[in-house]
Amino acid sequence: MQQLRLTRTRRVALIGLAGALAVSLSACAESKREEGAGGGAGGTMIFGTAGNPKMFDPIFNDEGETFRITRQVYDTLIQNKPGTADLEPSLAEKWEASDGGKTWTFSLKQGVKFSDGTPFDATAVCFNFDRWFNMKGAAAQSQMIYYADVFSGFAKNESDDYGTPVYKSCAAKDPQTAVLTLNNAKGAFPAAFTLPSFAIQSPTALKQYNADQVTQSGDSFTYSEYANKHPVGTGPFKFESWDQGKGEITLVKNDTSPTQTAKLDKLIFKVIPDENARKQALKAGDIHGYDFPAPADYGLLRQEGEQVLVRPPFNVLYMGINQSGPAGAKLKDVKVRQALAYGINREQFVKSKLPEGAEVATEFVPKTISGYTDDVTKYPYNPDKAKQLLQEAGATNLTLKFYYPTEVTRPYMPNPADVFTSLSEDLKLIGVKIEPVAKPWNGGYKDDVQKFGHQDLHLLGWTGDYNDAGNFVGTFFGRKKPEFGFDNPQLFQALAAADASPPGDAHAKAYQEVNKQIMDYLPAIPISYGPPAIVVGPKVKGLVASPLTDERFNTVTMG
Amino acid sequence: MNTLLSKKKEPIDKLAAASGRSLGAEALRRMLRSPVAIIGGAITLLFLLLAIFAPLIAPKDPYERYLQGKVSLGQGIIPGAQPGFPLGVDDFGRDYLSRLLVGAQQTLLVGVLATVIGVLIGVLIGGLAGAFGGWVDTVLMRLVDVMLSVPSLLLAISVAALFQKPSQWTVILAVSMIGVPIFARLLRGSMLGQRGSDHVLAATSLGVKRTAIVFRHMLPNSMGPVIVQATLTLATAILEAAALSFLGLGDPDPNRAEWGIMLSRSARQFLDVRPELAYYPAIAIIVVALGFTLLGESLREALDPKNRR
Amino acid sequence: MLRFLVRRLLQAIPTLLVLSILIFAWLRALPGGPAAALLGDKATPEKIANLNHVLGLDQPVVIQYFKFLGRAITGDFGSSLVSSQPVMSEIGTYLPATVELGICAMIVAVVVGIPAGYLSARYRGGAVDNVVIVLTLVGVAVPVFFLGYMMQDLLAGPLGLPSQGRQAAGLDATSITNFAVLDGIMTGEWDAVWDAILHLILPAFALATIPLAVITRITRASVLEVFNEDFIRTAHSKGLTQPVVRRRHVLRNGLLPVVTTIGLQTGALLGGAVLTERVFNFRGLGFLLAEGIERRDYPRLQALLLFGALVYVLVNMLVDVSYGLIDPRVRVR
């Protein structure tokens, strides 16, 4: 035993020595590594993202971090002009609606190939539309969130939740012409064709790697080999690998006749959830850009020579008012709702708490949307008027249950608790008592607010998916909802009519009228349009910040 | 784990068995001679005074947004120290000094309540197990084993995430859970040790009822180590509450002036723009945690019969 | 020894079962749940209800639990809501990082802590002792995440150390085992080894603070105790020289409780790793857990908490075993 113990002590000492050696070794070599730690070799860009992608089949996806990658790999028929929400050709060079918006004819670009070498043509387009329409299985359908939203239903609906399908058929008239026939017209088109979920994927690859296979795995789903390892599109970049341990998604330049050629050789997305860590990584030259810098950091980042690109706002934050909530009786009075609007100092809130480029919201659609109008009733900060209105309405002793979410940041709402504090403190000043209720976003907030309507006031917002006012106001106020608890048939009808109006000026005009109506009725209070920003290093050129976070990296060069 | 815990338990048993009335007086005498104890005591006392009188001392209303108009996060401006605002203001334009002072109260509230709840539940479990032994002991200790089988922060995380509405109280309860198994073990050990000791045997042979023995003899005699552990737990409670805030499981109300919340908010958002907003609450937390630790350690040393001469 | 091990393993089973019930009940008690997390921004109450049905979350909780248990026994904890990857494969991918970080942190804690504690005890009451005591006390009083931020802000720059991540982004290193250092050694990519070591330094020190403080204090206390024991006096009276006594008797006997502490602290590292890995963007299990909390990734949390408990139990068992090896008295019992 004596022997054994002796060796044991020695071994401990040895391990210790090795450790000390490693530490001291690393201490003396720091100076050597100071230069060239960036690794910014010629054609590689490394971009820091805030979260993991789910997989790379966009039809089963609805969140930004996955779309950021699929946008580089796939193309949609129509796309957004860089930096705007206006439409421009992509896979379709021309598109045309006929039969009152029930038939869409797409003239396709010639000579484009998928990155697996198979040709892109009208048959491929129709294959994709048919694939979505004929998707089988409750699991798969439940994850086709945008498809269900826009096209309402499937060939065989697996749940009563889906409606009559909008899609009827797709025909390849010739290799360059695809004709899409719908059961009914929809205001969302043609803008909805830009949705990244509706990207055109390679039929060969889809079939080869069983893309339709979506299986339940515990409380979640797993996806096919296609979605995880072999996404194939016509985009400027080609998927190479997804290293989960490192949190790196590597794309390389696509040389097989894509729609647009990439200037970079390689594009790596590096997942760094912590905002502070992303900033550290950029400063150290480890990455060449990242998304969602903290508002307070813009100035400092610029001082250090980084470029902060502010996206044009494409979202709205609002304070919801529930006319059937605990204090619904009082809130049914439009004067009380107006008082709340006058009582909130939105100018100061936007200036003091929101990033550069943010603006006070005057209505429920941002300025970039067609259907926006400056000609609405405005409610500038006026606490005296607010108090007076409350008095007139006999609501001087008002106590309101104010719900706000926790554990969430949204582009329109970087920090919900801060928004809540600013607004509720303002409301206290006009004599409204606030009873705060905080709930986790995924832990009951949305249920309480949207399903049960437990609240008087709440915070929520919306990021637009495409340039259609109906995507905003239609979603909010298109029908009677527990969230707002009002029943205004006149408003519902106006919204339905606006959605059905033909594309173009008439469409915009109809929504302008609706927006005026909404701001008079004041079912909720629009607070702000908040633009998220994107940061890139001094050498990065050619990246255009998009209101739809639709940044495409094919134009990027590393100076 | 049995051997391990029995090792841990030994000194506690000795300590508990030996702590009598005269020990308290002597412990106090010894503590007054130790600089460590004096420093720890002074910090603790100062903190307590601050916490109690904070609303009176605070120069301004900690919730009033005095300089909100001068704050502009978009331009990275949060006004610093200036006349009337010796430590500047936070991102809502509120006086930071006043918030730090009032924060002492809130922080103490979280720390003390979490510790007290931990002690109460722990003492209940440990007391029952120690007093009854047998299957009660087995079942309760199995429960304690479960709690011990999760690292403390993970335990707090699990409990904090349990609640639908995060609030100050969920944080307090989550943090209190860290102490429960420790106190339970501590008390059980000490009571088991006493079951065979002379004064308990004497009382039993005199026909004193079991409840009376437990409450009059065994419990009071076990309180020494519990108090020591509680003082140390106060420090960890404050730190764990801050950690929960950092992980997004804390009290979400940004109005509340509590050091952990102030620190994690500022450290996450304003470390580059105005690092002081993080430094002040960090220093406050470190000093107070240090104070409690010093006090706890010197209490432990003072109460340790081995150190008696 | 084998019987002892088997018995301890069997003892752990009920503990884990109880824990699994608690965790499961907890997750099921939460409103919203996986469906809300899966559907994200565009979730409507109807869509959530539909998805709950698809996922079988509208069945009785008891049935759900047994289904869960049935899958869990075969090692299937379902897929993450965030990444749609099987949780067990995620744990497999992320575990090496935590092990690597944990080992480094413990090396720091042991290499610095034991000598510090020993010196402190040897010069009891002197300047060294006081400094060490103060440092150990401050060490446990600093919030770990704040310490991490301070290291990033104040140390990383001047020392030229990377302040975040496990590896320089885009570094074309081959992953075999996911132990960055080991992989580099196996493939001979020495720049990758070096890069990995550099990335480990700051987080390892941040994670080491608490075990370091505890180990130092325990070493000091236990060495002091040994100094007062009879056999040391006997050794001295035998005429053995000071260094010999110290080496052969004091250190070896004083180390016994330290080994226990090291074990306990290794288990507790999992907690600290959540904060450290989050701050340093170090992609290990703690990172995974922190992300799981933020995104409310229930399947991931469930698996990670159970896994954490299992590791903790195993580490404690190993400590007991090693204790038995070092101190024969324990084994006799």
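In this predicted model, the axes of helix α4 (residues 96-132) of chain B and helix α7 (residues 168-195) of chain B come within 5 Å and cross at roughly 35°, where axes are lines fitted to C-alpha atoms, for helices over the stretch in contact, and angles run from 0 to 180 degrees between N-to-C directions. The crossing of α4(B) past α7(B) is right-handed, a word used if the near helix is turned clockwise from the far one by less than a right angle, with left-handed for anticlockwise. By class, the contact of α4(B) with α7(B) holds 23 nonpolar, nine polar and two charged residues; Ala, Val, Leu, Ile, Met, Phe, Trp, Tyr, Cys and Pro count as nonpolar, Asp, Glu, Lys and Arg as charged, and the others, Gly among them, as polar.

Residues are numbered from 1 along each chain as its sequence is written, while chains are lettered from A and ligands numbered from 1 in the order in which they are written. Local features need pLDDT of at least 70 and side-chain atom pairs count only at pLDDT 80 or more, whereas totals for chains, interfaces and linings use all residues.

- Of the 309 residues in chain B, 56% are buried, where buried requires 20 or more other C-beta atoms within 10 Å of a residue's own, exposed 12 or fewer, and partly exposed a count in between, with C-beta atoms placed from the backbone.
- The largest nonpolar core has 350 residues, among which Ala156(B) and Ile238(B) touch the most other members; such a core is a set of buried Ala, Val, Leu, Ile, Met, Phe, Trp, Tyr and Cys residues joined through C-beta atoms within 7 Å.
- Helix α9 (residues 190-227) of chain C gives the most to this core, with 19 residues.
- Leaving aside neighbours within four places in sequence, the residues in contact with Ile238(B) include Thr107(B), Val110(B) and Ile285(B), contact meaning that two C-beta atoms, placed from the backbone, lie within 7 Å.

**Where the chains meet**

- In chain A, 63 residues are in contact with 65 residues of chain C, and the side of chain A that touches chain C divides into 19 nonpolar, 23 polar and 21 charged residues.
- In chain C, 38 residues are in contact with 36 residues of chain B, and α13(C) gives the most to the side of chain C that touches chain B, with nine residues.
- By class, that side of chain C has 29 nonpolar, six polar and three charged residues.

**Local backbone features**

- A cis peptide bond, with omega about 5°, joins Phe189(A) and Pro190(A), and Pro190(A) lies in the loop between β7 (177-182) and α6 (203-208) of chain A.
- Asn281(C) is not a glycine, yet has a positive phi of about 50°; Asn281(C) is found in the loop between α11 and α12 of chain C and counts as buried because 26 C-beta neighbours lie inside 10 Å.

**Confidence**

- The mean pLDDT of chain A is 88, and 92% of its residues reach 70 or more, pLDDT being the predictor's confidence in each residue, from 0 to 100.
- Over residues 1-41 of chain A, however, pLDDT stays under 50.
- Where pLDDT is low, the predicted coordinates should not be read in detail.

Notes. Helix = DSSP H or I, 4+ residues; strand = E, 2+ residues; numbered from the N terminus.
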